[in-house]
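The exercises below are to be worked with the sequence and the model open side by side. Each task is followed by a solution in steps.

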Amino acid sequence: MSEKLWQGRFDQPTDKMVEEYTASIHFDSRLYRYDIEGSIAHCRMLADCGIISHDEASQIVQALGEIRRETERGELNLDPSQEDIHMAVEQRLMQKIGEVGGKLHTARSRNDQIALDTRLYMRDVLLQCRRLLLDVITGLTDLAEKNLHVILPGFTHLQHAQPVLLAHHLLAYCEMFLRDEERMAQCFNRTNVMPLGSAALAGTTFPIDMERTARQLGFPRVIRNSMDAVSDRDYLIEFCAAGALAMMHISRLSEELVLWSSPEFDFVEISDAFCTGSSIMPQKKNPDVPELMRGKTGRIYGNLMALLTLTKGLPLTYNRDLQEDKEPAFDTADTLLSTLAVLNKMLPALQFHEEKMVQAAAQSFALATDVADYLVLKGVPFRKAHHVVGQLVSHCIREGKDLSDCTLDELKKFHKALEEDIFSILDIRSAVDRRRSLGGTSTERVREALEATRADVESRRRAADGDAPVIS
């Protein structure tokens, strides 16, 4: 059992069971690179400010580089007695260069060190999420463009409502994912603040230069309150909330793919590469990937609730409870990133069944609203027109026919304003293309939306590239 770096005040060693219970090294070890990057920047700042010598700083920085390479090769010994990755790195540093290594922790605490590491980690995660979300949007716009003239029924209450372009339907998801990317970008801006130098909670008596450290680590600004710096976990909660919304949108898309791939719909074929079979029924092709995406959404919701519950009653400033912040955030990051990556591979392989979709779009009196609108243009008040068409639909149901199957004389029984030109209204494609209002489903509007979405994606890609921090 190694001696703790904070052992001086204690007369008895830590109980072995307590060591195992309180250790976080088994999950926070993923922060090693960020911990070492932060330590190198802190060390150089200490030397530049005359707090340690440049020779001491050179020894420390060189040893930290060696420790990073050891960790990448899996050679750094990690066990519960070392508590966390921060202590493991520091202990190894002192093993390599002796007491000089102990000077690294001057003017900092594990509290602001942990805050720094998680912010550095989250910056990378948020940038990855933004780029993957933009890839998903690109994949959806590619599918929309490829299937621009495909018509399917639009649904409300999962009942046939009005015909729409498949491209319009897919672009609705683009809007959702654009909002997700925007939330991630905003979260990135609030995460991208440098806390190191706040020490335990009150700042430090040493003449440090936090702005210098921030510049080295690519932070545009320094946090304004040392107490907030070590206790704030809003950025993790915000990420988990943004992640929950993104997963909810993925889950909605997944649900439609599951439904649409069923024989009852038969609107889409999901590639074999993203399906599995049955252990007993040889004919089965199960949409397991979208089902799992739908299922994993619940885990992400749970992670958000865990962080909100964790932090709801904590007094200022740091409390050990906050050790429990990482696993939910890490799991959300891992799950969301892997889900987005798989979704990006699955989308281009989707094959839509155009004939099935257009056949379905023509069913269930999908053009009833168009007939009501026709009557309104003839001077009939909308409520009256709505009632007339409702009676007409009821008649067709009793007779087992569609609106287009009725004769003109038959139609006139319901309202004299129905003329020969009504039959030009009862055409699926023209019904779609008449919906030219902003944001509507006409081919003209959808083409405009495709162009606008692609331009938006390119602008956001440039913004994400510009946000990528440069660590000196």
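Is leucine 158 buried or exposed?

Leucine 158 has a relative accessible area of 54%. Buried means under 20% relative accessible area, exposed over 50%, and partly exposed in between, with a 1.4 Å probe and protein chains only. Leucine 158 is therefore exposed.

Before going on, note the basis of the values. The model is predicted: local features need pLDDT of at least 70, side-chain atom pairs count only at pLDDT 80 or more, and totals for chains, interfaces and linings use all residues. Residues are numbered from 1 along each chain as its sequence is written, and side-chain values use heavy atoms, with hydrogens and water left out.

**Exercise 1. Backbone exceptions**

Find the place of leucine 158 and of glutamate 83, and describe the phi of each.

Step 1. Most residues other than glycine have a negative phi, and most peptide bonds are trans.
Step 2. Leucine 158 sits in the loop between β1 and β2, and its phi is positive, about 60°. Helices (H or I, at least four residues) and strands (E, at least two) are DSSP runs, numbered from the N terminus.
Step 3. Glutamate 83 belongs to the loop between α4 (54-72) and α5 (85-97); its phi, near 70°, is also positive.
Step 4. Because its relative accessibility is 8%, glutamate 83 counts as buried.

**Exercise 2. A cis bond and a patch**

Which residues does a cis peptide bond join, and which residues make a nonpolar surface patch with Met227?

Step 1. The cis bond links leucine 316 to threonine 317, with omega about 5°.
Step 2. Threonine 317 is in the loop between α11 (288-311) and α12 (326-346).
Step 3. Leu201, Met227 and Leu316 make a nonpolar patch of about 270 Å². Patches consist of residues with over 30% relative accessible area and no salt bridge; like charges are joined within 9 Å, nonpolar side chains (Val, Leu, Ile, Met, Phe, Trp, Tyr) within 5 Å. A salt bridge is a side-chain nitrogen of Lys or Arg within 4 Å of a carboxyl oxygen of Asp or Glu. Accessible areas come from the Shrake-Rupley method with a 1.4 Å probe; for residues, only the protein chains shown count as cover.
Step 4. Methionine 227 lies in helix α9 (residues 226-231) and is partly exposed, at 33% relative accessible area.

**Exercise 3. Pocket and cavity**

Which elements line the largest pocket, and which line the largest cavity?

Step 1. On a 1 Å grid over the protein atoms alone, a cavity is a set of points where a 1.4 Å probe fits but cannot get out; a pocket is an open set with protein on both sides within 12 Å along at least five of seven lines, and lining residues have an atom within 4 Å of a point. Grid points are joined across faces, edges and corners, and a volume is the space filled by probe spheres set on the points.
Step 2. The largest pocket has a volume of about 370 Å³. Its lining has 18 residues, with Gly154, Phe155, Val164, His169 and Glu256 nearest the centre. Two or more residues each come from β1 (151-156), β2 (159-165), α7 (166-191) and α10 (234-260). The largest share, five residues, is from α7.
Step 3. The whole structure holds two cavities of 30 Å³ or more. The largest cavity contains about 50 Å³, and its lining includes His169, Glu256 and Trp260. Here α7 and α10 give two or more residues, and α10 gives the most, four.
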